Amino acid sequence: VLDLACGTGTMTWLLTARGYELIAVDGSEDMLAAAAAKTGPGIPPVFLHQSMPQLDLYGTVDAAICCLDSLNYLTNPRDVQRTFERLHLFIAPGGTLIFDVNTPEKFLRLDGQVYLDETEDAYCVWRTEYSEKRRLCHYGIDLFQRDGDVWLRSQEEHTEYAYTPEELTGYLRVAGFRNIQVY
């Protein structure tokens with residue numbers, strides 16, 4: 001099984017523990033390092049540093065997953081099309097591709113929202129701004145983490161593109177996928 005955009009490898013290791021052999025791919029060396037540092041039962045995954053549109057496995061897999069709206073991070077539709085073409089090349093005939101995305105409707109509901117999450121040692125403020133015209137959602141995240149008596153602040157910025165199910169279905173068809181189901 002291919003875990004595309006595996007991040008810190010949580011899903012990778014869950015599937016490994018269930019007996020699947022995994023190839024975990026991510027474009028971030030830091031994420032791959034965090035994923036590779038984890039351990040668990042089963043055959044250790046193979047970790048590859050690659051971008052989604054340049055996926056190159058040197059063989060086929062029976063299935064591929066791409067979780068946690070990772071495809072939305074490809075803000076150029078050509079990159080999604082290229083990713084699907086590469087996936088079609090490396091998923092064996094009869095294999096399965098499963099992915100999730102955030103839809104334009106979800107991003108519209110998130111526009112202008114602020115979310116707070118607080119634990120004893122962390123405080124997170126998450127702000128969203130969605131441009132319906134540009135179809136881009138920007139997340140600003142401020143994270144405060146306790147280090148003894150001191151609170152350390154870090155910030156992250158994320159941008160996702162709002163693909164419609166119809167667009168994604170079209171990209172999949174052009175790439176050669178059939179029996180496409182949307183849930």
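Biologist: In which order do the 5 strands of the open sheet stand?
Modeller: This is a predicted model, where local features need pLDDT of at least 70, side-chain atom pairs count only at pLDDT 80 or more, and totals for chains, interfaces and linings use all residues. Residues are numbered from 1 along each chain as its sequence is written, and side-chain values use heavy atoms, without hydrogens and water. The pairing (at least two DSSP bridges between two strands) is parallel. The strands (DSSP runs of E, at least two residues) follow the order E3-E2-E1-E4-E5.

Biologist: Which strands stand at the edges?
Modeller: An edge strand has a single partner, so one side of it is left without a neighbour in the sheet.

Biologist: What angle does the direction of H3 make with that of E5?
Modeller: H3 packs on the sheet and touches E1, E4 (61-66) and E5 (contact: heavy atoms within 4.5 Å). Angles run from 0 to 180 degrees between N-to-C directions of axes fitted to C-alpha atoms, for helices over the stretch in contact. For H3 and E5 the angle is about 140°.

Biologist: How are H3 and H5 set to each other?
Modeller: The helices (DSSP runs of H or I, at least four residues) are H3 (residues 77-90) and H5 (residues 165-175). Their axes come within 8 Å and cross at roughly 45°. Under 35 degrees counts as roughly parallel, over 145 as roughly antiparallel, 65 to 115 as roughly perpendicular, and the rest as oblique. H3 and H5 are therefore oblique.
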